[in-house]
Amino acid sequence: MKKTKKELSALYRKIMKIARREKAVSKGATFDLMYVNQSIADKQYVFLRKADDELLLVAVNFDGAEANISVAIPRHAFEYMGIPEREVTATDLLTKEQLKTVLIADASVRMTIPAYSGRIYKIKC
């Protein structure tokens, strides 16, 4: 089902509020994850943002169908951004849904992304 203009407008407003509120968006370091996630490059995009002890794992789905993906996070990202390897509970800033996962270098984080939408998972490091 396609999103209506009203639904997209509401989503964009949420994203803009998050961008204004989250330091990781306005001042954080960025790490593009696409070079290790080329299998999803046609329809999804993933990256990290980090400021202080807050990490954002951002995943966007440009497809009209829900996407079940595994996002690889390379060791270099952990080293560059100072991410500790451990079990975490990530909160999606768009939906408030929680995802329990383990952040381990060179491993993957599994997630489901709705059609024409995204996930902005916030993780305390």
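Colleague: By class, how many nonpolar, polar and charged residues are there in the lining of the largest cavity?

Modeller: The lining of the largest cavity has 7 nonpolar residues, 1 polar residue and no charged ones. Here Ala, Val, Leu, Ile, Met, Phe, Trp, Tyr, Cys and Pro count as nonpolar, Asp, Glu, Lys and Arg as charged, and the others, Gly among them, as polar.

Some ground rules come before the details. This is a predicted model, in which local features need pLDDT of at least 70 and side-chain atom pairs count only at pLDDT 80 or more, while totals for chains, interfaces and linings use all residues. Residues are numbered from 1 along each chain as its sequence is written, and side-chain values use heavy atoms, leaving out hydrogens and water.

A cavity is a set of points, on a 1 Å grid over the protein atoms alone, where a 1.4 Å probe fits but cannot get out; a pocket is an open set with protein on both sides within 12 Å along at least five of seven lines; lining residues have an atom within 4 Å of a point. Grid points are joined across faces, edges and corners, and the volume is the space filled by probe spheres set on the points.

The structure holds 1 cavity of 30 Å³ or more, and about 30 Å³ of space lies in the largest cavity. Its lining is made of Leu57, Ala90, Leu99, Thr101, Leu103, Val109, Tyr121 and Ile123. Two or more of these residues come from each of E6 and E8, and E6 gives the largest share, 3 residues. The labels H and E stand for helices (DSSP runs of H or I, at least four residues) and strands (runs of E, at least two), numbered from the N terminus.

Next comes the open space. The largest pocket has a volume of about 390 Å³. Of the 22 residues that line this pocket, Ile15, Val58, Val60, Leu94 and Ile120 lie nearest its centre. Helix H1 (5-21) and strands E2 (44-51), E3 (54-61) and E8 (117-124) each give two or more residues to the lining, with the largest share, 6 residues, from H1. By class, the pocket lining divides into 16 nonpolar, 3 polar and 3 charged residues.

Charged side chains also pair up. The structure holds 9 salt bridges, each a side-chain nitrogen of Lys or Arg within 4 Å of a carboxyl oxygen of Asp or Glu. One of them joins Lys124 and Glu54 at 2.7 Å, N to O. Lys124 lies in strand E8 and Glu54 in strand E3, so this pair ties together parts that are 70 residues apart in sequence. Glu54 is buried at 17% relative accessibility, while Lys124 is partly exposed at 48%; buried means under 20% relative accessible area, exposed over 50%, and partly exposed in between (1.4 Å probe, protein chains only).

Another salt bridge joins Asp106 and Arg75 at 3.8 Å, N to O. Asp106 sits in the loop between strand E6 (98-103) and strand E7 (107-113), and Arg75 in helix H3 (residues 75-81), 31 residues apart. Salt bridges that share partners also join Arg21, Glu22, Glu54, Lys122 and Lys124 into one network.

Lys23 and Asp52 form a further salt bridge, at 2.7 Å, N to O. Because Lys23 lies in helix H2 (residues 23-26) and Asp52 in the loop between E2 and E3, the pair ties together parts that are 29 residues apart in sequence. Lys23 is partly exposed at 41%, and Asp52 is exposed at 56%.
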